[in-house]
Amino acid sequence: MESLLVSLPARTLAPCYSADLRPASGRLVSAVGCTVLLTVPRLRVGRLVSWEYRAGTEQGVILRYAFDRPPSMSRPFENRTRFNETNLSLQMVLRRDDGRLYRLSSEEEATDWFQLLVVEPLSEPEIVGNSSVKAGDDTKLVCNVLKGKADSYWWKKNGKLLLGSEHIQFEDNSTLCIVRASMRDSGYYACVVRNAVSHNETSFLLKVHNAANVVLPVVLACVVVGCLAGPGDIPEDIPSSSHHEPAGLAMCQCQLVLPVCCSNK
C-alpha cells in the first residue's frame, strides 16, 4: 500500500461557537461537542477502504467499507459518526479523547496522517477572595476554572490591564496578590481566561476600607426613675398638671452616651 503525500482536508461544522470554522490541512484544532468533517482527496481505491486512527503506539479502525455491502462501524464511534458512501468523507461528533491521528486507506494507497486536537471549552471562571479588606493588609484573589484547561490568564481592574509590580504581584497568573492594600485598590477586578477554542471572564468587587473611619455606635441610655410610681407617690413640688398622668407611667431621664476610644498611655 502506497502512502499519499496529500493530507486530509478537514473543518469544524457550524454551529460551533468555540472552534475556528475555517478549513485546515494536516492539522485541526476543534472543541468537545463540535462536529468535524474529514474529506478525501483523489484516491485510487479497490474493493475495500477503511478509516483508521492512531494514538501513540495504539492504532485502530473506525470503519471498514466494501462497496458491495454496508459500512462496518467500530462500537466507540457508533451513534456519533456518519460515513458518506459517495465521497468517502467522515463526519464525527467529538469527545475529549478523539485527539488523534486519522487517515483513509485502501488496498492500493492511503492518505497521509491528519492530526486532530480536541480541546474542551472553558467555563466561566470564578474569583475567590475577601471582598472587604482593611487598608494596609495584604490580600489575594484566586481565579478558578471549573471546566476545561486554561492556557493563559490575565487580570484587569476597572477594564484596564493590570501589570506586575511590587504592589501588584501574580502567582502562576491565576492568583492576584495585592501587597499593603490602599483605598485606591478598591474597584472591579476581572479575571480573563483563554485556550485554543474559547475565552471567558468574570468580575469581582473589592472594597478597601480605612480602619480609622469606622463609625462607632451611639447608645441612647435612659435612666428609669420611679417607673411604678402612682399618683400618690408623686412629690408635691411636681406641677399639678402632672397629677393627671396615668398610674404606672415611667419617668425617664435620658442621656446620650458615646463610646470612648481608649489609647495606650
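Author: Both C16 and C34 are buried. This is a predicted model, and in it those two cysteines form a disulfide with sulfur atoms 1.8 Å apart.

Reader: What is the handedness of the C16 and C34 disulfide?

Author: Right-handed, because the torsion about the S-S bond is about 65°. C16 lies in the loop between β2 and β3, and C34 in the loop between β4 (27-31) and β5 (35-38), so the pair ties together parts 18 residues apart in sequence.

Reader: How many disulfides does a search of the whole structure find?

Author: Two. In the other entry, C143 is joined to C191, S to S 2.0 Å. C143 lies in strand β16 and C191 in strand β21 (residues 187-194), so this link ties together parts 48 residues apart in sequence.

Reader: Which hand does the link of C143 and C191 have?

Author: Left-handed, with -85° about the S-S bond. C143 and C191 are both buried.

Reader: And what pattern do the disulfides follow?

Author: The pattern is 1-2, 3-4, counting bonded cysteines along the chain.

Reader: Is C177 buried or exposed?

Author: C177 counts as buried because its relative accessible area is 8%, and the cut-off for buried is under 20%.

Reader: Backbone next. Where is there a cis peptide bond?

Author: Between A14 and P15, with omega about 0°. P15 sits in the loop between β2 (9-13) and β3 (24-25). C16 is also placed in the loop between β2 and β3.

Reader: Which residue other than glycine has a positive phi near 70°?

Author: L88. L88 is in the loop between β9 (81-83) and β10 (90-93). At 9% relative accessibility, L88 counts as buried.

Reader: What about N173, what is its phi?

Author: About 65°, positive although N173 is not a glycine. Its place is the loop between β19 (168-171) and β20 (175-178). N173 counts as partly exposed, because its relative accessibility is 42%.

Reader: Switching to rings. How many aromatic pairs are there?

Author: The count is three. Ring pairs link Y65, F67 and F83 into a cluster.

Reader: What sits over the ring of Y53?

Author: The charged end of R100, 4.4 Å from the ring centre.

Reader: Zoom out. How many helices and strands?

Author: Zero helices and 24 strands.

Reader: What share of the residues is buried?

Author: Buried residues make up 33% of the 265 in the protein. The accessible surface is about 16900 Å², with 51% of that belonging to carbon and sulfur atoms.

Reader: Now confidence. What pLDDT does the protein average?

Author: The average is 82, and 76% of the residues score at least 70.

Reader: Where is confidence lowest and where is it highest?

Author: Lowest in strand β23 (residues 219-225), at a mean of 40. Highest in strand β16 (residues 139-144), at 98. Strand β16 is also where C143 lies.

Reader: Which stretches have pLDDT under 50?

Author: Residues 214-231 stay under 50, and the model has 34 contacts for them beyond four places in sequence. Residues 240-265 also stay under 50, with 36 such contacts.

Notes:
Residues are numbered from 1 along each chain as its sequence is written. This is a predicted model: local features need pLDDT of at least 70, side-chain atom pairs count only at pLDDT 80 or more; totals for chains, interfaces and linings use all residues. Side-chain values use heavy atoms; hydrogens and water are left out. Rings of Phe, Tyr and Trp (its six-membered ring) pair if their centres lie within 6.5 Å; planes under 30 degrees apart count as stacked, over 60 as edge-to-face and the rest as tilted. A charge sits over a ring if NZ of Lys or CZ of Arg is within 6 Å of the ring centre and within 35 degrees of the ring normal. Helices (H or I, at least four residues) and strands (E, at least two) are DSSP runs, numbered from the N terminus. Buried means under 20% relative accessible area, exposed over 50%, partly exposed in between (1.4 Å probe, protein chains only). Accessible areas come from the Shrake-Rupley method with a 1.4 Å probe; for residues, only the protein chains shown count as cover. pLDDT is the predictor's confidence in each residue, from 0 to 100. Contact means heavy atoms within 4.5 Å. A disulfide is a pair of cysteine sulfur atoms within 2.5 Å.
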